[in-house]
Number of protein chains: 2
Amino acid sequence: MSDIYRKRLDTLQDSLNHNGFDACLIMQEENRRYLSGFTGEDNSVDESSGALIIGPKGLILATDSRFELHATHEAPLFEIHVYKKGLDKDIPELFDRVGATRVAFEETRVSVGRFNMFTKALNEKGSTVELVPHEDMTAPIRAIKSADEINIMREALTIAEAAFSAVKGRLVPGLSEKAIAWEMEKEMRTRGADGLSFPTIVASGPNAALPHAVPGDRTVNPGEPLLIDWGSRYNGYCSDSTRTVVLGTPCDTFKRVFDTLFEAQALAIDAIKDGASGKAVDAVARQFIEKTFPDGFGHGLGHGVGLEIHEAPRLSYLKDHTLKAGMVVTVEPGIYLPEWGGIRLENMVLVTENGAEVLNTLDYHDHVVAI
Amino acid sequence: MSDIYRKRLDTLQDSLNHNGFDACLIMQEENRRYLSGFTGEDNSVDESSGALIIGPKGLILATDSRFELHATHEAPLFEIHVYKKGLDKDIPELFDRVGATRVAFEETRVSVGRFNMFTKALNEKGSTVELVPHEDMTAPIRAIKSADEINIMREALTIAEAAFSAVKGRLVPGLSEKAIAWEMEKEMRTRGADGLSFPTIVASGPNAALPHAVPGDRTVNPGEPLLIDWGSRYNGYCSDSTRTVVLGTPCDTFKRVFDTLFEAQALAIDAIKDGASGKAVDAVARQFIEKTFPDGFGHGLGHGVGLEIHEAPRLSYLKDHTLKAGMVVTVEPGIYLPEWGGIRLENMVLVTENGAEVLNTLDYHDHVVAI
């Protein structure tokens with residue numbers, strides 16, 4: 001196991017040096033886990049279970065006494081430092097110990113308040129260490145998954161798909177969105193998921209026109225779209241899928257929208273391979289959809305998935321990322337028609353040298369639920 | 001309903017003026033909800049569902065299109081502004097619109113990266129608005145609960161206690177900590193909780209010596225401590241309780257530790273009233289425990305509970321807060337003996353003019369579970 005972390009740390013060290021740093025402070029939970037193995041979770045923005053301090057002369061995992069045992073067990077490459085009065089008090093000494101002079105930190109994870117505490121502590125000790133905000137240098141490393149990571153993600157997806165199949169078999173008109181979401185959760189948890197990768201979206205009828213609907217008390221009627229967007233977390237890794245089903249007979253709108261999305265998704269997946277542009281893949285689906293539904297598709301086509309539910313790269317019209325073999329991305333075109341509702345189809349796709357492998361195994365052709 | 005929010009906003013405005021500000025930016029999820037009614041949740045540190053911009057000439061809730069409908073419905077006192085390319089792009093105009101010149105923001109909730117984006121946008125527009133980090137000015141207002149808030153918290157606690165009683169009735173040796181935690185969650189969710197207020201702690205035997213143990217595969221044995229620390233969330237508000245039970249006959253250590261804590265908790269609760277010092281209340285329990293177990297009690301005695309599981313005030317030896325009528329705090333002395341295990345007893349207590357009211361209704365005297 002240590003070899004895996006050693007390799008990840010070497011890649012990060014190269015990236016640091018390339019960007020003019022000799023050290024970094026890692027506070028983002030998933031980065032911390034990815035680089036060290038330590039699974040401690042942060043329960044809120046200002047409650048941290050620890051930080052990695054990575055420098056030319058050492059690797060330190062700083063945490064508090066609650067996590068000492070776990071940290072020691074999970075992160076053998078790191079020296080465990082237990083702080084008593086907060087990380088900021090000890091940080092000057094810890095930077096010294098790893099030989100840091102110019103330290104990158106994750107600018108999206110460190111609050112202004114915490115940064116000011118760090119700066120104050122460094123000044124008080126007369127430290128000359130420079131603490132520099134930087135975008136996340138671990139993200140591009142995490143974006144490329146190893147064979148082991150892909151296997152874990154397949155497992156997460158297997159649990160999620162089995163849960164969906166079980167719940168689909170019990171769908172009847174009159175169930176509330178909330179009740180369906182809870183059934184989905186129970187099925188995932190009892191099948192071995194650590195938890196959900198995000199709160200399950202269950203949106204029926206007109207609610208399905210909201211891409212991020214929150215399940216409510218509305219009950220499902222025959223003939224209308226029932227959109228379920230869900231994922232399980234397994235060994236820390238997320239799955240993310242969406243299916244839209246209909247109880248009874250789908251109307252003509254349902255059929256037209258569904259067929260358009262099915263085709264758009266297939267075209268986009270055909271365009272995915274190592275070296276492809278995320279923006280270009282998004283455009284393939286978008287242009288196809290806009291021929292029939294000019295204003296129907298408002299969000300990006302997809303995103304990377306891994307330890308986080310949303311991570312690098314993006315398949316988006318806003319920003320371009322180059323796809324690389326080993327990336328796992330969602331391909332999730334959707335069409336939303338206010339009042340009527342919406343349909344979204346989402347699969348997880350592994351980018352390969354010459355193309356793409358769809359990781360989902362659920363068939364789309366059984367989206368009509370007999371009632 | 002609007003009157004409640006109006007009153008909260010007036011109190012905040014007073015606090016702003018008192019601190020030399022004419023406006024503030026609210027990004028902390030629970031503060032946003034408390035001041036506006038908007039329930040949108042932030043799924044991660046850098047994914048925000050919106051911000052309040054509060055100034056002398058207006059109240060704005062800025063959010064993205066996903067949340068527009070909810071925001072409009074839930075926050076009638078606020079003008080809803082939908083940003084397309086991120087909050088930072090629009091913030092100079094929004095500050096202008098509310099007449100802001102010196103704006104406080106929550107220093108623990110705004111990341112360095114986001115702050116730099118705000119600053120850049122303000123500079124680009126030649127704005128003279130000052131954006132100043134400040135500790136959370138909403139926290140002291142939220143600490144004092146209204147009668148309505150207390151009723152909601154009683155409801156959260158009722159759900160949580162009913163779940164505990166149900167699970168306790170099914171406890172048998174051989175159940176794993178994880179399985180017990182999942183039973184607790186199911187019972188809370190099916191009894192109407194929105195969710196958990198934090199991941200349930202179930203720690204058996206030696207694991208109970210870790211105040212923040214994560215439930216694992218260890219199975220419960222007769223005679224050892226089984227510590228359960230759990231809470232439900234209802235209408236956004238948290239409950240937080242701990243009980244430590246034993247299957248079969250408790251050993252002498254169990255009895256001694258339990259009796260000491262029971263007495264320590266009662267003494268501390270007796271010391272609580274409007275005007276009391278949190279540090280002094282902590283000392284009452286601490287000194288009593290240390291007479292028998294000098295190193296047993298490592299953490300603070302308690303904390304405020306409300307929309308957040310940990311909020312102002314603290315009952316702690318580190319920092320002093322004055323208790324006021326309407327605050328709801330936990331009183332949770334614990335004794336932890338490495339190798340053997342630990343016991344913690346935690347009740348929620350409402351501070352009143354002349355004393356304290358224990359909100360929990362579960363009895364401690366049935367902590368021995370027959371097997």
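Buried area is the accessible area that two parts lose on being put together, summed over both. For chain A and chain B in this predicted model, that area comes to about 2400 Å², with carbon and sulfur atoms giving 66% of it.

**Where chain A meets chain B**

- Contacts between the two chains involve 26 residues of chain A and 26 residues of chain B.
- Two salt bridges are counted between chain A and chain B.
- In one salt bridge across the two chains, R189(B) pairs with E185(A) through their side chains, at 2.8 Å from N to O.
- On the side of chain A that touches chain B, α5 (112-124) and α8 (177-190) each put in at least two residues.
- The top contributor on that side of chain A is α8(A), with five residues.
- Sorted by class, the side of chain A facing chain B holds 10 nonpolar, eight polar and eight charged residues.

**Salt bridges within the chains**

- Side chains of opposite charge can pair when their charged atoms come close.
- Over all chains, the tally is 48 salt bridges.
- Take E187(A) and R170(A): their side chains form a salt bridge at 3.0 Å, N to O.
- E187(A) sits in helix α8 of chain A and R170(A) in the loop between α7 (147-168) and α8, so this pair ties together parts that are 17 residues apart in sequence.
- Another pair in chain A is D229(A) with R344(A), where the closest N and O atoms are 2.8 Å apart.
- This one links distant parts of the chain, with D229(A) in strand β9 (residues 225-230) and R344(A) in strand β17 (residues 341-344), 115 residues apart.
- D229(A) and R344(A) are both buried.
- Over in chain B, the side chains of R102(B) and E130(B) meet in a salt bridge at 3.1 Å, N to O.
- R102(B) is in strand β5 (residues 102-106) of chain B and E130(B) in strand β6 (residues 130-134), so the pair ties together parts that are 28 residues apart in sequence.
- Both ends of this pair are partly exposed, R102(B) with 27% relative accessibility and E130(B) with 42%.

**A look at N31(A)**

- You'll find N31(A) in helix α2 (residues 29-36) of chain A.
- N31(A) is buried, because its relative accessible area is 0%.
- Leaving out residues up to four places away in sequence, N31(A) touches I26(A), E106(A), D136(A), T138(A) and R142(A).
- With E106(A), the contact is also a polar one, side chain to side chain, at 2.8 Å.
- G86(A) is 55 residues from N31(A) in sequence, and their C-alpha atoms are 20 Å apart in space.

**A look at H367(B)**

- H367(B) is in the loop between β19 (356-358) and β20 (368-369) of chain B.
- With a relative accessible area of 16%, H367(B) falls under the 20% limit and is therefore buried.
- A polar atom of the H367(B) side chain lies 2.8 Å from the backbone oxygen of Y364(B).
- Not counting residues up to four places away in sequence, H367(B) touches T244(B), V245(B), V246(B), F254(B) and F258(B).

**The annotated domain**

- An unreviewed UniProt entry annotates residues 152-353 of chain A as "domain: Peptidase M24".
- Across residues 152-353 of chain A, the chain is 33% helix and 24% strand.
- The end C-alpha atoms of that stretch of chain A are 21 Å apart.

Key: Residues numbered from 1 in each chain as written. Chains lettered and ligands numbered in written order. Predicted model: local features only at pLDDT ≥ 70, side-chain atom pairs only at ≥ 80, totals over all residues. Heavy atoms only, no water. Helix = DSSP H or I, 4+ residues; strand = E, 2+ residues; numbered from the N terminus. Buried < 20%, exposed > 50% of the residue type's maximum accessible area, 1.4 Å probe, protein only. Contact = heavy atoms within 4.5 Å. Polar contact = N/O pair within 3.5 Å; in protein donor to acceptor, adjacent residues only side chain to side chain. Buried area = accessible area lost by both parts, 1.4 Å probe. Salt bridge = Lys/Arg side-chain N within 4 Å of Asp/Glu carboxyl O. Nonpolar A, V, L, I, M, F, W, Y, C, P; charged D, E, K, R; others polar. UniProt positions renumbered as here; feature names shortened; annotations may be inferred.
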